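Here is a friendly walk through a protein model, written for someone who wants to follow along on screen. Please open the sequence and the structure side by side.

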Amino acid sequence: MIRSALLAGFLALAASGGALAAEGKAPFSGLGDDSDKPIHVSGETQQADFNAETITYEGAVRVEQGEMVLRADKVVAEAPKAKLVRVTASGDVVITSRDATATAPLAVYDITARTIRLTGTVVLTQGGNTLRGTELLVDLKAGTATLSAKGSASGRVDGVLDPGTAKGQ
C-alpha cells in the first residue's frame, strides 16, 4: 500500500515540478506534461518505515518521468493511512527538464495544498536567463509561481534576462 502511495507521490511530484519549461514557453508553463509517463526511482538505499508510514530513498537519488529528472541526496514520501500527503527532496536538489533547471537545498511537494516550495539558495535557469532567490512557491491550483528573497542580505530577487533567448526559441 505504501508503495502505491509512493508511486503516486512521485507522479504528483513529477507532474508538479516536472516540466520547468517547454520550448518557447515560460518556466513552469508545461506543468504536468509528462504526468502519464512511467516513473523510475533509484537511490543507493531505500527504507520503508511502516510505523511512521514513510519511504525514504538516500544516496544519489534520481527520479525520472518523461523529460523531467529530479536529483537529490534524499527523498522522503509521507503516506499516513496509505494516502500520500507530502514528498520532500533534500540535499543538492536539482530538477531539470528539456531546457530549464531549478536548484535548491530543499524541495517540498504538499499534495493536499497542491504546492511545491523550494527553499534555500534557489536558482532557476532557462537558456541565457537566470533567476535567484531564497524561496520559490509554485501553486498548482492557481497556476502561479512566486520567487522571493526572504531572509537574504539584499531582500531582493536577482535575475539576468537574455532577450536573445526568447528569439531563439
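The sections below cover confidence, layout, strand pairing, the core and a few individual residues.

Residues are numbered from 1 along each chain as its sequence is written, and side-chain values use heavy atoms, with hydrogens and water left out.

The score called pLDDT is the predictor's confidence in each residue, from 0 to 100. Its mean over the protein chain is 79, and 76% of the residues reach 70 or more. Over residues 1–24 the score stays under 50, although the model has 81 contacts beyond four places in sequence for them; a contact means heavy atoms within 4.5 Å. Where pLDDT is low, the predicted coordinates should not be read in detail.

## Overall layout

The protein chain has 2 helices and 10 strands. These are DSSP runs numbered from the N terminus: helices are H or I with at least four residues, strands are E with at least two. Along the sequence the pattern reads α-β-β-β-β-β-β-β-β-β-β-α.

Of the 169 residues, 43% count as buried; here buried means under 20% relative accessible area, exposed over 50%, and partly exposed in between (1.4 Å probe, protein chains only). Among contacts with a separation of 6 or more, 41% come from residues 24 or more positions apart.

## Strands side by side

Two strands pair if DSSP finds at least two bridges between them. Strand 3 (residues 54–65) and strand 4 (residues 68–78) run antiparallel and are joined by 10 bridges. Within this pair, V61 stands opposite A72 of strand 4. The two strands form a hairpin with 2 residues between them, and G66 in the turn has a positive phi of about 60°.

Strand 4 also pairs with strand 5 (residues 86–96), again in the antiparallel sense, over 8 bridges. Here L70 has I95 in strand 5 as its bridge partner.

## The nonpolar core

A nonpolar core is a set of buried Ala, Val, Leu, Ile, Met, Phe, Trp, Tyr and Cys residues joined through side-chain atoms within 4.5 Å. The largest one has 29 residues, and L70, V75, A89, L118 and L136 have the most contacts inside it. Strand 4 gives the most to this core, with 5 residues.

## Residues worth a look

Leaving aside residues up to four places away in sequence, E135 touches several others, including L118, T146 and K150.

Most residues other than glycine have a negative phi. K81, in the loop between strand 4 and strand 5, has a positive phi near 55°. A82, found in that loop too, has a positive phi of about 60°. K81 is exposed at 76% relative accessibility, while A82 is partly exposed at 27%.

Key: Predicted model: local features only at pLDDT ≥ 70, side-chain atom pairs only at ≥ 80, totals over all residues.
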